[in-house]
Amino acid sequence: MITLQDKNILVTGASQGIGREIAISASKLGATVTIVGRNVEKLQETISLLSGSGHKMQVVDLSNAADIDELISQSLPYDGVIFNAGIVEYLPVKFLNESKIDAVFSVNFDSNVVLSQKLIKKKLLNKKASLVFISSISSKLGVGGTAMYAASKAALISFSKVLATELAPQGIRSNSICPGIVKTAMTEQANDAASEEELKKAELEYPLGYGEPSDVAGLVMYLLSDMSKWMTGSDLIIDGGFTLK
Amino acid sequence: MEINAFLKNFADILDDTDAALITQETVFRDLDEWNSLTALSLIAMADEEYSVKLTGDDIKSSDSLNDIFEIIKNKG
């Protein structure tokens, strides 16, 4: 039986979608959860959905260094951190420029790196803590228009592996997850560019259909728990069988 | 916003299509070069040149380039 009893867990990008579901699941398994995100109303909604008490929320824009410092100053040592904050933007390479590259990388990669660096430096990770980076199946593919998204998510996987080595002496683990398409507000917005019909056709490529946020949260619960204590540096695909094709 | 400039911008996102084929009446979907990536390029071009966010449904509901032009004009 998976339990997160007495664990202090931090979830970024917890305003909605996968991050929200991770926070809810962790609270149900007994964890005390700190949720961060940019949107105060949505964070309040998330926190109202959590089980148990003692949870905290903080409005944080992870692309803002001062916000990260504020989060760090309010933090007690964590037993688990989910690096989930991310944005998606579809753009052919032909239309990229430095500010578009920055816009995606600063949120999807830089902010996660800076946050983990500060957590380590300020000794805010307990021994045997578990770090989970939410990457994407896009990092393994080559779908046209996803260059910056895919590259930033691939960079996270490499970062997580190096972190796993550097933190192993303290028994701290780091793993990444590559979900396929999960039905969330973010993917709906991103898929604005595609028509309803195209989306239905695309879903047929998934033997088990598109995922639900809870499908990803389940795997994250395993990684946060002591049941996965021998797993580190791994990169796990969870995609309803999409990559079987 | 002027139609000829728009047609030129559209021709610019293509690589293998004769610019002479690009007119107001062109049914863009019938162009050999039209695919999901050119659709993304059209969306990116509308954003870059006209600060207009085109959606997939905007494109789907259009037939000719003039239809796209009108949508951009109305949203601009």
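1. Start with what covers helix 4 of chain A in this predicted model. The cover over its buried residues includes helix 3 (65–73), strand 4 (78–83), strand 5 (125–134) and helix 5 (147–167), which belong to chain A too. The buried residues themselves are A:Val104, A:Val107, A:Asn108, A:Phe109, A:Ser111, A:Asn112, A:Leu115, A:Ser116 and A:Leu119.

2. Now look at the form of helix 4 of chain A. Residues 98–121 make up this helix. A straight helix of 24 residues would span 34 Å, at 1.5 Å a residue. Between its end C-alpha atoms, helix 4 spans only 30 Å. Find A:Ser106 along the way: here helix 4 bends by about 55 degrees. Just after the helix comes A:Lys123, with a positive phi of about 55 degrees.

3. Next, two strands of chain A. Strand 2 (residues 32–37) and strand 3 (residues 56–59) run parallel, joined by four bridges. A:Gly37 stands opposite A:Val59 of strand 3.

4. Finally, where chain B meets chain A. Twelve residues of chain A are in contact with eleven residues of chain B. On the chain B side, helix 2 (36–50) and helix 3 (56–60) each supply at least two residues. Helix 2 of chain B gives the most, with seven residues. Sorted by class, the side of chain B that touches chain A has four nonpolar, four polar and three charged residues.

How values were computed
Residues numbered from 1 in each chain as written. Chains lettered and ligands numbered in written order. Predicted model: local features only at pLDDT ≥ 70, side-chain atom pairs only at ≥ 80, totals over all residues. Expected span 1.5 Å × (residues − 1). Bend = angle between axes of the 7 residues up to and from the residue. Buried ≥ 20, exposed ≤ 12 C-beta atoms within 10 Å, placed from the backbone. Contact = placed C-beta atoms within 7 Å. Nonpolar A, V, L, I, M, F, W, Y, C, P; charged D, E, K, R; others polar. Pairing = 2+ DSSP bridges.
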